[in-house]
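Trainee: May I ask for a close look at the pockets of this protein, and at the parts of the chain that surround them?

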Amino acid sequence: AKAGLGDYMGFSSAGGYWISACLGNVGDFVLLCCTLGYFVPAFGQGSTPLVIACASVLLWCVHALVLRGIKVAALINLITTVAKLVPILVFIVIVGLAFDRDIFTRDIWGRSNPQFGGVLEQVRNM
């Protein structure tokens with residue numbers, strides 16, 4: 001941004017990225033700790049001192065890993081990407097195996113039960 005648009009826009013772009021990264025990390029850790037609070041009562045609703053301490057330690061650990069260099073940061077990015085994609089793919093496979101076309105398309109046109117009407121009437125009534 002600095003090379004293309006000048007010093008001011010470069011600074012503004014870097015500042016905006018920094019703020020979004022800070023807010024994104026805080027949001028991620030709050031969500032993680034709130035989720036863990038369901039399983040670990042000491043975490044509560046995600047606003048206890050234990051949560052703040054754990055989220056801070058985790059954030060500094062991620063920062064330390066990134067400081068080790070671009071290769072470690074790229075490896076972390078690869079691991080988190082795989083960790084996000086594997087559950088999604090497993091869900092797609094399970095849904096594909098459990099999908100029953102007969103139930104999905106049963107009487108979609110409303111012929112066997114006229115009180116609901118056809119598809120267009122059902123959509124309008126919603």
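**The pockets and their surroundings**

Mentor: The lining of the second largest pocket holds eight nonpolar residues, three polar residues and no charged ones. Its elements with two or more residues in that lining are H2 and H3. The volume of this second largest pocket is about 160 Å³. Its lining consists of Asn 25, Val 26, Phe 29, Val 30, Cys 33, Gly 46, Val 51, Ile 52, Ala 55, Ser 56 and Leu 59.

Please bear in mind that the model is predicted. The mean pLDDT of the protein chain is 84, with 94% of the residues at 70 or more. Confidence is highest in H4, at a mean of 92, and lowest in helix H5 (residues 101–105), at 74.

We may now turn to the largest pocket, which has a volume of about 860 Å³. A total of 20 residues line the largest pocket, and those nearest its centre are Ala 21, Asn 25, Phe 29, Leu 59 and Val 62. Among these, Asn 25, Phe 29 and Leu 59 also belong to the lining of the second largest pocket. Three helices each give at least two residues to the lining of the largest pocket: H2 (7–39), H3 (49–67) and H4 (70–98). Helix H2 provides the largest share, with ten residues. By type, the lining of the largest pocket comprises 15 nonpolar residues, four polar ones and one charged residue.

Cys 33, in the lining of the second largest pocket, leads us to the cysteines. A disulfide is a covalent bond that joins the sulfur atoms of two cysteines. With a cut-off of 2.5 Å between the sulfur atoms, the count of disulfides is zero. Cys 34, for example, takes part in no disulfide, as the nearest cysteine sulfur, that of Cys 33, is 7.3 Å away. Cys 34 is partly exposed, and its relative accessible area is 30%.

Over the whole structure, the search gives one aromatic pair. Tyr 38 and Phe 39 form this pair, which is edge-to-face, with 5.1 Å from centre to centre and 90 degrees between the planes. Both Tyr 38 and Phe 39 are exposed.

Technical notes:
Residues numbered from 1 in each chain as written. Predicted model: local features only at pLDDT ≥ 70, side-chain atom pairs only at ≥ 80, totals over all residues. Heavy atoms only, no water. Phe/Tyr/Trp six-rings, centres within 6.5 Å; stacked < 30°, edge-to-face > 60°. Buried < 20%, exposed > 50% of the residue type's maximum accessible area, 1.4 Å probe, protein only. 1 Å grid on protein atoms, 1.4 Å probe; cavity = no way out; pocket = protein on both sides within 12 Å on 5 of 7 lines; lining within 4 Å. Points joined across faces, edges and corners; volume = space filled by probe spheres on them. Helix = DSSP H or I, 4+ residues; strand = E, 2+ residues; numbered from the N terminus. Nonpolar A, V, L, I, M, F, W, Y, C, P; charged D, E, K, R; others polar. pLDDT = per-residue confidence, 0-100.
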